[in-house]
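This report describes the architecture of one protein chain, together with selected contacts between its side chains. The overall fold is treated before the individual residues.

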Amino acid sequence: MKDNPPKDLETIVREDGRYPLEAFMFLQDGLKRAVKEVYGEQAEREEGPHHVTGQQLCYALRDEAIERWGLLARTVLKRWGINSTLDFGRMVFLLTENGLWQKTEEDKLEDFRDVYDFDEAFGPSSLGEEL
């Protein structure tokens, strides 16, 4: 029996259908940010995987969203079908199950559950603004 060739990101996203490709591109940018925050310049100097936890990734994604879109962050994520940190986990596990990303034995989808509340994380107070 012949092994099927690995699927590319676009195929995986299309077949899954829950989140758009743009959301996965954002996820990849968030991962780069998390790795840089956790490993600093070491990540740039050394090849190979640099593991981050689900919580570390979620916080990096929050910071990336606020930096990019400010008060529109919640709206952009909602448009993409991302309504909680668990959605980030579902995206991560879709990529790991299809061999595009790696995980450790300790990594679980539950690591992404309720890391923070989206309304609080992306509301006016997240930017230090008053209503």
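The protein contains seven helices and zero strands, and its order along the sequence is α-α-α-α-α-α-α. The model is a predicted one. Of the 131 residues in the protein, 38% are buried. Among contacts between residues at least 6 apart in sequence, 67% join residues that are at least 24 apart.

**Packing of α2 and α6**

Two packed helices are described by the angle between their axes and the distance between the axes. Helix α2 (residues 21–39) packs with helix α6 (residues 85–97) at an angle of about 90°, and their axes are 11 Å apart. Because angles of 65 to 115 degrees count as roughly perpendicular, α2 is roughly perpendicular to α6. On the side of α2, the contact is made by Ala 23, Phe 24, Phe 26 and Leu 27. On the side of α6, Phe 88, Met 91, Val 92, Leu 94 and Leu 95 take part.

**Aromatic pairs**

A search of the whole structure finds ten aromatic pairs. Two of them are set out below.

| Pair | Distance between ring centres | Angle between planes | Geometry |
|---|---|---|---|
| Trp 69 and Trp 80 | 5.6 Å | 85° | edge-to-face |
| Phe 88 and Phe 118 | 5.8 Å | 40° | tilted |

The pair of Trp 69 and Trp 80 is edge-to-face because the planes of the two rings stand at 85°, and planes over 60 degrees apart are assigned to that class. Trp 69 lies in helix α4 (residues 54–69), whereas Trp 80 lies in the loop between α5 (73–79) and α6, so the pair ties together parts that are eleven residues apart in sequence. Trp 69 is partly exposed, with a relative accessible area of 23%. Trp 80 is buried, with a relative accessible area of 14%.

For Phe 88 and Phe 118, the planes are at 40°, so the pair is tilted. Phe 88 belongs to helix α6 and Phe 118 to helix α7 (residues 118–121); the pair therefore ties together parts that are 30 residues apart in sequence. Both Phe 88 and Phe 118 are buried. Phe 88 also takes part in the contact between α2 and α6.

Which residues are linked into a cluster by ring pairs? They are Tyr 59, Phe 88, Tyr 116, Phe 118 and Phe 122. One ring of this cluster, that of Tyr 116, has the charged end of Arg 62 sitting over it, 5.8 Å from the ring centre.

**Individual residues**

Asp 114 is found in the loop between α6 and α7. Its phi is near 55°, a positive value in a residue other than glycine. With a relative accessible area of 66%, Asp 114 is exposed, since residues over 50% count as exposed.

Thr 11 is placed in helix α1 (residues 9–16). Is Thr 11 buried or exposed? Its relative accessible area is 17%, so Thr 11 is buried, the limit for that class being under 20%. Thr 11 and Leu 21 are ten residues apart in sequence, and their C-alpha atoms are 9.7 Å apart in space.

Notes
Residues numbered from 1 in each chain as written. Predicted model: local features only at pLDDT ≥ 70, side-chain atom pairs only at ≥ 80, totals over all residues. Heavy atoms only, no water. Axes fitted to C-alpha atoms, helices over the stretch in contact; angles between N-to-C directions. Helix = DSSP H or I, 4+ residues; strand = E, 2+ residues; numbered from the N terminus. Parallel < 35°, antiparallel > 145°, perpendicular 65-115°, else oblique. Contact = heavy atoms within 4.5 Å. Phe/Tyr/Trp six-rings, centres within 6.5 Å; stacked < 30°, edge-to-face > 60°. Buried < 20%, exposed > 50% of the residue type's maximum accessible area, 1.4 Å probe, protein only. Lys NZ or Arg CZ within 6 Å of the ring centre and 35° of its normal.
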